[in-house]
Amino acid sequence: MKKEHISIRAVILWLVIWEIGALLLNKEVFLVSPVRTVMRLGQLAVTAGFWFPVVGSLMRIVSGYILALAAALVLSRIAFIRPGVRSLLAPLIAAIKAVPVASFVILALICFSSKYLAVFLAFLIVTPLVYANALAGYDSQSIELAEMADVFRINKWRKFRYIEIPQIQSHVMSAAKTGIGMAWKAGIAAEVIGTPDASIGQKLYQAKVYLETPDLLAWTAVVIILSVATEGLFIFMLGKLFRGLKSVPSNRGVTKRNVQVTGRQSVVDRQQSIADRQSAAGSSDITFDRVTKSFGGTRVLKKYSCTFSAGKTSVIMAPSGSGKTTILRMIAGLEKPDSGSVGAPDRVAMVFQEDRLLDYLTAYGNIKVAVPNASADDIRNHLTEMGIPEEELDKPVGCWSGGMKRRAALLRALTADGVLLLDEPFKGLDQEAKDMTIRVTGDMANKRTLILVTHDKDEEERIKQ
C-alpha cells in the first residue's frame with residue numbers, strides 16, 4: 001500500500017483559504033482565523049490552568065489506548081491458537097462495533113465516575129480495531145514457513161518472535177496508527193459529555209457554553225497536536241519493539257581474517273563431534289510398508305514399500321509427479337499415508353523445494369533461528385566455502401540471488417540434527433557453485449542418513465562418493 005504524505009503546500013493553501021474566509025465573514029463567533037487561533041493558543045499556553053487539563057486528558061486517553069493495545073494483542077493471539085475462544089469472542093467484538101458510542105457512554109456514566117469515561121471509551125474503540133487486524137495478520141501467515149518451523153522443531157517462543165511477529169507487524173502497525181486518532185476523538189468526546197475536572201473536554205464544553213470560539217479552536221488545535229505527537233511516539237516505540245523481538249545475535253564480529261585463521265582443517269576437526277551427534281539422531285532405518293497416497297483423486301503412491309538404511313545415502317530419481325517429494329514429506333511428518341505405514345525417524349532436517357527463508361534475516365540469522373547452538377564462525381566458513389562472497393554475508397537474504405538463498409537453505413539443514421532430506425538442493429546453481437556446495441555437503445553429511453531427490457544423474461553419483 002502506498003504511503004500518503006501530507007504536502008506542506010496543500011496545508012498552506014487551506015490555511016490561506018481559512019484566513020480569507022474568516023476575514024470575509026468578519027464574525028469571530030462563527031469563524032476564527034488561523035492567526036487569531038494561534039495567538040489565543042499562545043495566550044493559553046502561558047497560563048497555569050492550561051497544563052493541568054492537557055496532562056489530565058493525555059493520561060486518560062493514552063491509558064485507554066495502551067490497555068486496548070495490550071488486550072487486543074493478547075486476545076488475538078489466544079483466539080488464533082484457540083478456535084473455541086475465537087468463536088466465543090466473535091459476538092462480543094461484533095456487538096462492540098455495532099452498538100452506538102452514545103449507548104456505551106450512557107451505560108458507563110451509570111456504572112462509574114465520569115473521570116474514567118475517556119479511558120473506557122478509548123479502550124472500547126481501539127480494542128476491536130487492533131484485535132481484528134492482528135487476527136487477520138495471524139490468518140495470513142505463510143503455511144510454508146509454519147511447516148519449516150515444525151520440521152526444524154523451532155520452539156513456540158522463537159516461532160512467535162521470528163516467524164509470526166514479522167507477518168503480523170504491518171497489520172498491527174496500521175491498526176495502531178489509526179487507533180490513536182480514534183482514541184483521541186472518542187476520549188475527548190467522552191470528556192465533553194462527562195466534563196471531568198482537569199480535562200480538555202471540560203474546556204471545550206465551557207468554550208461552547210460561553211461562545212468563546214477562539215478558545216474552542218485553540219483547544220481543538222491542542223487535541224490535534226497531541227494526537228499527532230502521540231501517534232508518532234507510539235509508532236516509533238512499536239517499531240522498536242518489533243525490531244527488538246525479531247533481532248538475532250549478529251555474526252558481524254566474525255571477519256574475513258577470522259575465517260583465514262580458523263582455517264578449513266579446524267572446521268573439519270570441530271565437525272566430527274557435530275557429525276556424531278547428528279548421525280545419532282537418525283540411527284534407525286526408515287521403512288515404507290505398502291504406502292498409498294492420493295491428492296484430490298490423483299494417486300501419487302500405490303502400495304509403495306522401501307527401506308532407507310541408517311547412516312547411508314539414498315537417492316530417489318523418478319519422473320515428475322511420481323511422489324518423490326511426498327515421500328520426503330511423509331518422512332518429515334508433514335503428510336500421512338492413506339493406507340500403509342511409515343517408520344519415520346525422531347528428527348529430520350529438510351531442504352524443501354522452496355528455500356523457506358526469513359528474508360529480513362541474514363543467512364546466519366536464519367540458521368540460528370532453526371539451530372540455536374549454531375556457531376557463527378562455522379556458518380561463515382561454510383558459506384564462503386560454498387562460494388558466497390564475503391561482502392554478502394551480513395546482508396539480509398532477501399537481497400540475495402536465488403542460488404545464494406538455495407545454499408543458505410541447504411546449510412541450515414546440514415547444520416541441524418537428524419536425517420537429511422534434500423529435495424533438489426542444488427537446483428539453480430551454476431557448475432562452479434554446485435561443485436563447491438556438493439563438496440561441503442559431503443563433508444558435513446558424513447555418517448548421516450541422507451535421502452536425496454534429484455533429476456540429475458551426476459548429482460546422484462557425486463553425492464554417493
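This is a predicted model: local features need pLDDT of at least 70, side-chain atom pairs count only at pLDDT 80 or more; totals for chains, interfaces and linings use all residues.
**Entry 1: strand E6**

I started with strand E6, residues 419–423, and found it mostly covered, with 5 of its 5 residues buried. Next I checked which way the residues of E6 point. Val419, Leu421 and Asp423 go one way, while Leu420 and Leu422 go the other way. Whichever way they point, all of them are buried, Asp423 included.

**Entry 2: who pairs with E6?**

Which strands are joined to E6 by bridges? I looked up E5 to begin with. Strand E5, residues 348–351, is joined to E6 by 4 bridges, and the two run parallel. Then I turned to E7, residues 450–453: 4 bridges link this strand to E6, and that pair runs parallel too.

I used Leu421 as my landmark. Met350 stands opposite Leu421, and over in E7 the bridge partner of Leu421 is Ile451.

**Entry 3: two helices, H6 and H8**

I moved on to helix H6 (residues 117–139) and helix H8 (residues 156–194). Their axes come within 7 Å and cross at roughly 155°. Angles over 145 degrees count as roughly antiparallel, so that is how H6 and H8 lie to each other. The crossing of H6 past H8 is right-handed.

What kinds of residues make up the contact of H6 with H8? I wrote down 19 nonpolar, 8 polar and 2 charged.

Methods: Residues are numbered from 1 along each chain as its sequence is written. Side-chain values use heavy atoms; hydrogens and water are left out. Buried means under 20% relative accessible area, exposed over 50%, partly exposed in between (1.4 Å probe, protein chains only). Two strands pair if DSSP finds at least two bridges between them. Axes are lines fitted to C-alpha atoms, for helices over the stretch in contact, and angles run from 0 to 180 degrees between N-to-C directions. Angles under 35 degrees count as roughly parallel, over 145 as roughly antiparallel, 65 to 115 as roughly perpendicular and the rest as oblique. A crossing is left-handed if the near helix is turned anticlockwise from the far one by less than a right angle, and right-handed if clockwise. Ala, Val, Leu, Ile, Met, Phe, Trp, Tyr, Cys and Pro count as nonpolar, Asp, Glu, Lys and Arg as charged, and the others, Gly among them, as polar.
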